[in-house]
Amino acid sequence: MNVFNRLLTIAAIGVSISMSSFAAYAETPANMLVIANRIDDIITIDPAESFEFAGSDVSRNIYSRLVYLDPLDLEAGYKPDLAESWTVSEDGKTITFIMREGNKFESGNTVTAEDAAFSLQRTVILNKTPSFILTQFGFTPENVTEMIKAEGNTLTITTDKKYATSFILNCLTATIGAVVDKETVMANEVDGDMGNTWLKTNSAGSGPYKLDSWKPNDSVTLSLNPNFSGEAPTMERVIVRHVTESASQRLLLERGDIDIARNLNPEDIAGASASGEIKVEDELKGQLMYLALNGKHPVLSKPKVRQAFKYLVDYAGMQESFLKGQYTTHQNFLPATYLGASTENPFSLNIEKAKELLAEAGVEGLEIEAGVREAQERIEIAQTMQNTLAQVGIKLNITVGTAKQILGRYRARELDMYVGIWGPDYPDPQTNAGTFAYNPDNSDEAGATGFLAWRTAWDVSDEMNASVEAAVTEGDREKRIQLYQDIQKEFRETSPFIVMFQRIEQSAMRDNVMNFSTGQAVTSAAYWQVTK
């Protein structure tokens with residue numbers, strides 16, 4: 001059995017099996033990158049539907065977009081990808097992209113403007129969870145083929161009104177901006193699904209890699225796209241293994257069975273670093289750890305109860321213990337480094353203050369359920385909350401499940417409380433303002449699962465909705481910053497969200513791994529630039 005097959009065999013073994021069953025290797029092959037990460041949140045590889053962290057990593061490496069952001073060179077701003085240039089009309093409503101020649105899909109088909117138009121139209125027509133990233137520009141299934149058009153080597157995108165060009169380009173760097181091979185996708189269409197079923201487990205991209213396999217809750221395997229137009233990556237194959245436990249990831253890393261471990265806890269980071277063969281790289285991410293209280297709950301929907309919960313979080317205690325070095329206290333919906341981000345963190349653990357607020361709300365005794373993904377730090381956060389809530393007479397029952405299970409219930413507005421992480425979909429403040437603080441239709445029928453405010457059944461005020469709409473069209477940079485800071489000030493005091501921490505991702509890796517990036521605060525992981 002060759003080394004690659006042996007690695008795949010290892011990847012297929014569940015973490016419940018004793019680590020002694022793994023064969024020991026001095027190192028992984030020089031042309032192969034093996035990563036341990038939690039990837040149980042992947043529910044599809046289709047970029048029109050994928051909306052989870054691990055899925056975004058996969059998409060980033062198999063699909064190209066019109067433009068992209070290079071995490072190793074963020075100061076350069078937007079770089080041409082499939083589009084070599086773009087111009088904006090005088091009224092600011094139309095962007096015209098000139099496609100770069102010579103790009104091919106993994107099938108060998110040439111990438112055309114028609115493929116790009118089809119891909120964006122498809123996202124709107126399918127209307128899956130991330131479609132709002134495009135529909136916010138006025139696109140609908142009925143008008144999108146008129147507003148997004150291809151003609152020869154040009155693609156034109158016309159929005160319903162003038163937006164900042166940077167805002168539109170930011171959105172096109174998101175997963176839904178991926179350009180798929182129209183011919184291949186439509187050849188696999190079933191019952192008018194525009195290839196959605198097929199693309200859940202297959203790829204049709206023009207990026208540096210193609211998808212070999214995705215085994216849910218087990219592994220993702222990528223290999224070189226033979227028709228990639230750019231410089232071929234050094235890593236000819238990438239295997240991402242689903243390993244949930246920090247200790248298991250650390251052991252695999254120290255034994256040389258993997259190159260990178262992405263989910264080590266602070267204790268294992270310290271231990272692995274001491275070996276001398278492992279280095280740790282920190283990247284401030286855009287991801288925010290938060291709690292969400294269900295607005296449908298008769299007690300949790302009360303303003304003073306929401307306020308009380310914000311004083312029942314041991315921010316400092318968690319940051320200095322099991323989250324040390326990996327999260328920093330942050331109580332606003334815009335991550336640090338984003339336009340309009342606020343540094344105000346007004347809440348701290350205050351049991352007596354919380355008791356006063358609960359008494360004013362008439363709350364005596366309460367039992368609620370919190371949904372938590374099978375992730376160590378989130379479970380520990382829930383357990384810490386369980387302890388502090390008990391001190392004010394609230395019993396917290398913790399339900400732990402896979403990301404798919406818990407996210408499904410959260411999106412269905414079923415959980416009393418949700419413990420989760422949210423990451424920006426594109427590097428513009430609207431990405432979080434438009435989901436945390438915007439919910440123009442709070443009805444169940446709206447089905448706006450892309451809006452966190454809708455998931456929590458928060459009936460956002462007309463004033464806040466209007467402020468979010470004003471901020472996204474404001475052309476003056478300083479005025480736009482002030483609008484977002486004003487929205488966050490009201491959000492902190494009135495929302496059912498308790499934003500707690502911003503993530504600092506610590507990637508532990510063998511010391512020969514170079515140029516790996518998780519995407520910093522603006523994008524996803526890039527494998528094609530890695531060398532060993």
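Me: How far apart are the closest N and O atoms in the salt bridge that Glu-352 forms with Lys-355?

Reply: A salt bridge here is a side-chain nitrogen of Lys or Arg within 4 Å of a carboxyl oxygen of Asp or Glu, and between Glu-352 and Lys-355 the closest such atoms are 3.8 Å apart. The model is predicted, with pLDDT of at least 70 needed for local features and 80 or more for side-chain atom pairs, while totals for chains, interfaces and linings use all residues. Numbering runs from 1 along each chain as its sequence is written, and side-chain values use heavy atoms, without hydrogens and water.

Me: Where do Glu-352 and Lys-355 lie relative to each other?

Reply: Both belong to helix H13 (residues 351-360), and because they are three residues apart there, about one helical turn separates them; helices are DSSP runs of H or I with at least four residues, and strands are E runs of at least two, numbered from the N terminus.

Me: Which parts of the chain does the pair of Arg-510 and Glu-277 tie together?

Reply: Arg-510 and Glu-277 form a salt bridge whose closest N and O atoms are 3.0 Å apart. Arg-510 lies in strand E17 (residues 497-510) and Glu-277 in the loop between helix H10 (266-273) and strand E12 (278-293), so the pair links parts that are 233 residues apart in sequence. Arg-510 is buried at 13% relative accessibility, whereas Glu-277, at 43%, is partly exposed.

Technical notes:
Buried means under 20% relative accessible area, exposed over 50%, partly exposed in between (1.4 Å probe, protein chains only).
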